[in-house]
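Have the viewer open and follow along.

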Amino acid sequence: MVDALGWIQWTVCAAAAVLSLAGCGGGSGSDEPDLVVRGSSSRTGTVASPAWWMRWWAWLPMGGAVAQATTPTGSPLSMRLRLYALWISPQADCSGPYTLVQRYEGGREFDFVASPTLFAGDPPAGSYRCIVFEADDRLVVRPDAVAAAAFPGSCRSDADAVTDLYRAPDADYRTPEGAPISARGSRAAPVTDRVYFFAATDVDAATSRPNGPSANQTLELSAPLVVPGRTTLYLDATNGLLGGEEDGVAFCSVENGVLGFR
């Protein structure tokens with residue numbers, strides 16, 4: 001997953017700081033869904049008793065001949081990701097069976113900077129030790145003026161930039177059924193692939209079981225997700241933009257960031 005030209009770090013964090021909505025969910029007779037998952041572009045927020053953890057996620061390959069500054073600078077003004085579905089499971093190793101919370105046919109694009117509601121549904125009450133969400137690996141950002149100044153000709157504050165989060169030659173991601181997912185595209189020529197991200201209370205059990213998810217697509221939950229309840233999925237790319245050229249083609253992409261739950 002790392003070529004001879006260097007390493008690019010994408011860091012993943014997750015937190016299980018789920019706020020109980022007992023007496024407020026749909027199961028209590030209210031119109032409020034039993035489970036609400038919001039989006040955010042910040043890993044910090046006002047949450048009850050936050051429990052944080054951090055781990056390395058992936059070393060993304062540079063590929064090709066790269067001319068660039070080495071320090072990511074600037075942040076997204078908007079950050080859009082297309083999501084398709086959310087599942088939850090009581091199994092700590094994410095082996096299923098899975099309960100579907102919500103699905104968007106054709107997917108739905110969300111701007112995480114706008115703090116949208118990503119998913120809402122009424123799964124059975126209980127504790128769930130695994131979360132799975134399906135998404136495109138295409139992250140679309142609008143760079144701020146700081147990135148535009150740091151990387152002139154690559155990052156523009158008046159144009160969107162696309163990051164291919166899972167790119168060739170990687171091939172370690174898997175579907176919930178265990179089928180491998182081959183990555184396509186490069187930093188300068190992104191290609192959209194449908195991928196899955198897992199969050200589990202026992203990452204080792206999830207990634208070590210036959211045909212289980214890769215460690216590079218699996219987050220750790222420090223505590224089970226409780227339904228009724230709510231949680232936040234965040235993508236934080238503060239000061240994470242990098243511009244340059246790859247094989248003579250200008251790029252502006254998210255190279256440092258955090259992904260997780262809080």
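Where is the place of Cys94? Cys94 sits in the loop between E6 and E7. Keep in mind throughout that this is a predicted model.

**The chain as a whole**

The protein chain has 2 helices and 20 strands. Of its 262 residues, 50% are buried. Take the contacts with a separation of 6 or more: 75% of them come from residues 24 or more positions apart. The accessible surface of the chain is about 10700 Å², and carbon and sulfur atoms account for 51% of that.

Most residues other than glycine have a negative phi, and most peptide bonds are trans. Is Cys94 buried or exposed? Cys94 is buried, since its relative accessible area is 0%, and that falls under the 20% cut-off.

Another cis peptide bond leads from Ala168 to Pro169, and its omega is near 10°. Pro169 belongs to the loop between strand E11 (161-164) and strand E12 (173-174).

Asn239 is also worth a click. Its phi is near 50°, again positive in a residue other than glycine. You'll find Asn239 in the loop between strand E17 (229-236) and strand E18 (241-246). With a relative accessibility of 45%, Asn239 counts as partly exposed. What does Asn239 contact, leaving aside its neighbours within four places in sequence? The list is Pro72, Thr73, Gly74 and Ser75. Thr71 is 168 residues away from Asn239 in sequence, yet their C-alpha atoms are 9.2 Å apart in space.

**Charges and salt bridges**

How many salt bridges does a search of the whole structure find? The search turns up 12.

| Pair | N to O distance | Relative accessibility |
|---|---|---|
| Glu134 and Arg103 | 3.7 Å | Glu134 3%, Arg103 35% |
| Arg156 and Asp158 | 3.0 Å | Arg156 46%, Asp158 52% |
| Arg187 and Glu255 | 3.2 Å | Arg187 2%, Glu255 1% |

Start with the salt bridge between the side chains of Glu134 and Arg103. This pair ties distant parts of the chain together: Glu134 is in strand E10 (residues 130-143) and Arg103 is in strand E7, 31 residues apart. Glu134 is buried, whereas Arg103 is partly exposed.

In the salt bridge of Arg156 with Asp158, Arg156 is partly exposed and Asp158 is exposed. Why does Asp158 count as exposed? Its relative accessible area is 52%, and the label applies because that is over 50%.

Then comes the salt bridge in which the side chains of Arg187 and Glu255 meet. The two residues are 68 residues apart and link distant parts of the chain: Arg187 is in the loop between E13 and E14, and Glu255 is in the loop between strand E19 (249-254) and strand E20 (258-261). Arg187 is buried, and so is Glu255. Salt bridges with shared partners also join Arg80, Glu109, Arg142 and Asp160 into one network.

**A buried aspartate**

Asp193 is buried, because its relative accessible area is 6%, which is under 20%. Which side chain does the side chain of Asp193 make a polar contact with? The partner is Arg184, at 2.7 Å. Not counting residues up to four places away in sequence, Asp193 touches several residues, including Ala135, Asp136, Asp137 and Tyr166. Ser182 and Ala183 are among them too, along with Arg184.

Key. Residues numbered from 1 in each chain as written. Predicted model: local features only at pLDDT ≥ 70, side-chain atom pairs only at ≥ 80, totals over all residues. Heavy atoms only, no water. Buried < 20%, exposed > 50% of the residue type's maximum accessible area, 1.4 Å probe, protein only. Polar contact = N/O pair within 3.5 Å; in protein donor to acceptor, adjacent residues only side chain to side chain. Contact = heavy atoms within 4.5 Å. Helix = DSSP H or I, 4+ residues; strand = E, 2+ residues; numbered from the N terminus. Areas by Shrake-Rupley, 256 points an atom, 1.4 Å probe, with all protein chains shown as cover. Salt bridge = Lys/Arg side-chain N within 4 Å of Asp/Glu carboxyl O.
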